[in-house]
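Hi,

Here is the structure I promised to pass on. My notes on it follow below.

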Amino acid sequence: MRSRFSSLCRHNTGSRLRTGAGALATALLALPAVGTSPRAAGGSGAACPGDNGGLSLPPGFCATVFADNLGHVRQMAVAQDGTLYANTWSGPYYKNNDLPPGGFLVALKDRNGDGRADVTERFGETPAQGGHGGTGLALFDGAVYAESNDRIMRYPLAQGEIAPKAKGAVVVSGLPLTGDHPMHPFAITPKGELLVDLGSATNACEVRNRMPGSPGNNPCTEKQTRGGIWRYDARKTNQTFSPAERYASGIRNGEGIALDGEGRVFATQHGRDQLHENWPKLYTAQQGFELPAEEVVELKQGAEYGWPECYFDPTQQKLVLAPEYGGDGGRKVGLCAERQGPVAVFPAHWAPNDMKFYLAKGATAFPAAYEGGAFIAFHGSWNRAPGPQGGYNVVFQPMKDGRASGDYVVFADGFAGAVKEPGRAQHRPSGLAVGPDGALYVSDDVRGRIWRVTYVGGNPGAAIAAAPAAGPPARSSRAALPPEGIHPDAGQAVAALPVPPGATREQVARGERVFHGEVAGATCGGCHGSDAKGSPIGPDLTDGKWLWSDGSLKGIEQTIANGVPEPKQHGGAMPPMGGVELSDADLKAVAAYVWAVGHPTK
Ligand code: HEC
């Protein structure tokens with residue numbers, strides 16, 4: 001336990017699970033051999049033919065882009081014949097942007113075995129039929145099960161079909177679609193129990209969601225319908241959601257539900273946000289970045305895992321009382337002593353969106369050291385702003401007897417590209433699947449890419465290894481300056497911005513620093529993007545369209561001061577002042593900066 005947690009601290013400071021010398025050797029091994037024939041290095045490495053679709057992987061592993069531009073791909077499953085099924089999603093979180101024609105569900109097959117799908121068939125509800133797609137997908141009993149809007153549907157597969165032709169049947173309907181976590185990921189056990197995650201509507205069951213100093217509702221009645229796992233019968237149709245089918249509670253957002261080789265069921269858990277922003281007297285900004293841990297819990301019927309009254313503190317290795325429920329910054333434990341803790345933990349705000357145990361065996365499987373462990377896809381988040389964001393990777397966690405049995409490693413990295421930010425990452429890992437041949441598939445919900453990762457190292461005895469770091473270490477995008485200069489605002493001078501009537505250039509310059517968290521601890525860039533062009537959780541402030549005022553300096557200032565408790569086009573909320581305490585001068589300055597980026601000079 002101890003070594004695992006101490007390595008966690010190292011991860012928190014941005015370093016990885018390896019020594020400097022080891023890192024160099026690993027990096028060299030992973031370089032493609034240019035102009036020479038691929039050669040096994042030390043029996044554990046082989047050059048990859050392409051560029052791995054931009055991914056960084058441990059030695060001996062290669063990736064192909066199995067499919068691309070599929071929409072916002074979420075969770076996946078692979079059938080015995082190698083056909084991959086994926087669910088895709090739409091909606092305000094993705095700015096309601098253009099979608100590929102056809103249904104939200106995708107069936108993909110690689111007939112010629114080159115690692116790329118050559119058959120793509122779409123099925124299920126289309127946007128024209130009122131569909132919005134969804135996250136969850138599983139295969140069970142010869143059928144594709146998939147989330148679609150408030151329902152989980154069942155599409156039986158006939159012999160030889162790639163996409164099912166049959167009309168879907170409703171397995172369960174009426175699942176809640178409101179609030180911060182409207183997705184419904186699920187797993188189906190061999191007995192036919194459909195275990196579906198109903199994430200919380202709020203951050204911590206606050207009386208006023210995400211607002212500074214708001215106490216939690218006591219009791220948290222939201223837990224009757226949210227923040228837990230519900231159980232249905234996968235073989236029955238037309239079930240309707242009700243509080244009665246709750247299976248386990250106190251799970252804020254359990255997106256990755258997976259079974260290990262012994263049939264135990266586990267779920268990932270996204271820890272709560274905004275400890276510092278909403279409780280600045282109890283938590284420093286640094287604590288806000290590093291608390292609480294993301295978790296993997298073992299699911300047991302009737303168990304309580306702690307949300308919203310508790311969160312897991314990785315340095316103390318225990319659940320402690322949340323500030324909304326009388327917590328004092330991490331010492332008081334109270335009722336958290338009776339809640340179920342995790343079996344594995346990860347750095348704060350990495351956002352574990354899917355998990356699959358590696359149970360494949362045989363000739364093309366990964367080395368034996370991976371068997372029985374879990375791959376976890378971290379979507380990455382915003383709540384480390386203004387600090388560097390984390391996640392945006394796939395981690396391998398060794399597991400034994402239902403618990404973490406060693407340090408996790410970053411298995412696949414490089415998804416985000418130059419900027420790790422929700423609005424600007426190139427790709428974000430959102431789903432995982434393991435094929436019968438042992439290939440690991442990773443999906444992306446930004447551009448709809450699916451990678452296929454295989455082991456070509458030829459050494460079944462190879463040890464678990466981390467991927468070489470992809471590009472420069474994670475940092476806030478503001479810190480990325482030329483010559484890197486890849487993103488539009490790198491080095492951009494405030495001097496080029498207009499100055500609003502009634503304000504000064506000094507105010508715009510000060511406001512630019514407030515916006516990016518360089519002074520006053522604000523996290524505007526975390527939600528609106530460091531380029532202010534918006535992200536899935538905050539609107540574009542540069543497009544000249546104003547939802548909450550007439551766009552005047554006064555109007556913008558008022559919106560920032562009051563916040564937006566109920567956004568028109570986004571989930572979540574904007575707390576007053578973005579969740580921090582801004583002096584009147586800093587409020588006026590940041591309003592001037594927002595006005596300036598929103599009124600570009602022609
Ligand atoms: C937790 C995420 C979050 C943070 C942090 C945040 N905002 Fe917002 N902001 C939002 C959301 C959500 C909206 C409302 C969008 C909607 O209605 O769909 C919004 C709206 C706004 C608007 C109104 C835009 C309009 O169309 O009228 C302004 C201006 C704004 N934010 C500026 C800021 C500034 C400045 C900061 C930092 C001090 C900040 N925001 C911090 C999420 C955030």
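Which residues are closest to the ligand, and how many surround it? The ligand is surrounded by 30 residues, and the closest are C524, C527, P567, M574 and G578; a residue counts as near if its C-beta atom, placed from the backbone, lies within 6 Å. Please keep in mind that this is a predicted model: local features need pLDDT of at least 70, side-chain atom pairs count only at pLDDT 80 or more, and totals for chains, interfaces and linings use all residues. Numbering starts from 1 along each chain as its sequence is written.

Two or more shell residues come from each of α6 (524-528), α7 (553-562) and α8 (584-598), and α6 gives the largest share, four residues. (Helices are DSSP runs of H or I with at least four residues, strands runs of E with at least two, numbered from the N terminus.) By class, the shell holds 18 nonpolar, eleven polar and one charged residues.

Four residues lie between the strands, and Q317 in the turn has a positive phi of about 55 degrees. C310 and F312 on one side of β18, and Y311 and D313 on the other, are all buried, with 20 or more other C-beta atoms within 10 Å of their own.

There is also an open sheet of five strands with mixed pairing, in the order β6-β7-β8-β9-β13. Its edge strands are β6 (137-140) and β13 (239-240).

Best wishes

Notes: Nonpolar A, V, L, I, M, F, W, Y, C, P; charged D, E, K, R; others polar. Buried ≥ 20, exposed ≤ 12 C-beta atoms within 10 Å, placed from the backbone. Pairing = 2+ DSSP bridges.
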